Amino acid sequence: MLFPDYRPRRMRQSEAFRRMVRETHLRVDDLILPLFAIHGKDVKNPIPSMPGHFQLSVNHVVKAAEEAFKLGIPGVILFGIPPKKDALGTQAYAKDGIVQKAVRAIKDKLPDLAVITDVCLCEYTDHGHCGVVEGHTIDNDATLDLLARTALSHVKAGADMVAPSDMMDGRVTEIRNALDEADFSHIPIMSYAAKYCSAFYGPFREAADSAPKFGDRRSYQMDPANSLEAIREVAMDVEEGADIIMVKPAMPYLDIICRVREEFDLPVAAYNVSGEFAMVKAAAERGWLDEKRTMMEMLTAIKRAGADIIITYFAMDAAKEIKP
Ligand code: PBG
């Protein structure tokens, strides 16, 4: 098909034609909204690097979840900021931990909204690492039991799905077994399967107060230079029983999303992380980018690359923008 026989512009000349041949449709159903829960009464602390997002006390978490539900967003993912931290992150698996409380309150008010919980220790440990620290290393196997306890306590509180984000080896098996043994074999696991050690998590660490106090996460999160390794990581989580496999971050890793979509037949989630959100917001604030158009283009591109599910701080804004 060569010019002048084929003229690609023919099908671009009107919005009606463009709609007919559009290949990718972003839907509200594709979106998951992250929320940050904090102890206290009537708290709504703005997160400076994430305009429009807040650390929310339980009553406000419920309000935000309700707003998302009304917009048609199928699910939220919860993160917690505990009142105190310790070496073993005990607040992560405390019965009355902040996430556990928030889950109960949301499910009580909105039984049909899917409540997913992020399973990790970094928000709860005083050293800020995602696992048990031994000297200056992170002890993989000693961490597994704590992750399983965390996941189980979330599910006991009513979580519909758990999402381990720690990147310890073998955590999906450990969590699956713990859930199955407690009669929660129906609860799915969305694993952060290919999670990179990314500078794009900066604003999140401000939001969740979870920056490591020493060193960095390079001994457990993936090297941004690697893609074959991502396939191995995902394959491992699939073998271990993951129900949804996630690639994170999204925008700088569209090639990984695309490969994972092609090589596996499970639903693929992409996490459009805090730094991706902050970049757009900051540029839009300066008048350098059109926020809505950039947001829609970015989310559509993530979907086009192969993501079935997009976790994004833009979920509410995008839901408002998507026409029913
Ligand atoms: C916890 C966790 C992080 C994110 C999700 N879960 C931070 C990290 O790994 O340091 C980042 C999400 C975002 O940046 O939006 N391990």
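Visitor: Which backbone oxygen does the side chain of His 25 reach?
Guide: The backbone oxygen of Arg 22, at 3.5 Å from the His 25 side chain. That is a polar contact, meaning a pair of N or O atoms within 3.5 Å; within protein, one must be able to donate a hydrogen and the other to accept it, and residues adjacent in sequence count only if both atoms are side-chain atoms. Bear in mind that this is a predicted model, in which local features need pLDDT of at least 70 and side-chain atom pairs count only at pLDDT 80 or more, while totals for chains, interfaces and linings use all residues. Residues are numbered from 1 along each chain as its sequence is written, and side-chain values use heavy atoms, with hydrogens and water left out.

Visitor: Where does His 25 lie?
Guide: In the loop between α1 (15-21) and β1 (31-38). Helices (H or I, at least four residues) and strands (E, at least two) are DSSP runs, numbered from the N terminus.

Visitor: Why does His 25 count as partly exposed?
Guide: Because its relative accessible area is 44%, and partly exposed is the class between buried (under 20%) and exposed (over 50%), using a 1.4 Å probe and protein chains only.

Visitor: What does His 25 touch, not counting residues up to four places away?
Guide: Asp 30 and Lys 303. A contact here is heavy atoms within 4.5 Å. Both of those residues also belong to a network of salt bridges that links Arg 27, Asp 29, Asp 30 and Lys 303. A salt bridge is a side-chain nitrogen of Lys or Arg within 4 Å of a carboxyl oxygen of Asp or Glu.

Visitor: How many salt bridges are there in the whole structure?
Guide: The search finds 20. One of them joins Arg 104 and Asp 96, at 3.4 Å from N to O. Arg 104 is partly exposed at 33%, and Asp 96 is also in that class at 49%.

Visitor: What meets Arg 149 in a salt bridge?
Guide: Asp 145, with an N to O distance of 3.7 Å. An α-helix has 3.6 residues a turn, so residues three or four places apart point the same way. Relative accessible area is 42% for Arg 149 and 39% for Asp 145.

Visitor: And which residue does Glu 321 form a salt bridge with?
Guide: Lys 292, where the closest N and O atoms are 3.9 Å apart. This pair links distant parts of the chain, with Glu 321 in helix α11 and Lys 292 in helix α10 (residues 291-305), 29 residues apart. Glu 321 is partly exposed, at 27% relative accessibility.

Visitor: Change of topic. Is Asp 166 buried or exposed?
Guide: Buried, because its relative accessibility is 0%. Asp 166 lies in the loop between β8 (161-164) and α5 (171-181).

Visitor: What does the side chain of Asp 166 make a polar contact with?
Guide: The side chain of Arg 171, at 3.1 Å. The Asp 166 side chain also reaches the backbone nitrogen of Met 168 at 2.7 Å. Leaving aside neighbours within four places in sequence, the residues in contact with Asp 166 include Val 119, Leu 147 and Tyr 220.

Visitor: On to helices. How many residues has α3?
Guide: Helix α3 (residues 98-109) has 12, and its first and last C-alpha atoms span 17 Å, close to the 16 Å expected. The expected span is 1.5 Å times one less than the number of residues.

Visitor: What do the buried residues of α3 pack against?
Guide: β1, α2 (58-70), β4 (75-81), β5 (114-119) and α4 (140-156). Among the buried residues of α3 are Ile 98, Val 103 and Ile 106.

Visitor: Which residues of α2 are buried?
Guide: Val 58, His 60, Val 61, Val 62, Ala 64, Ala 65 and Ala 68. They pack against β1, β2 (44-46), β3 (54-56), β4, α3 and α11 (315-321). After α2 comes Gly 72, whose phi is positive, near 95°.
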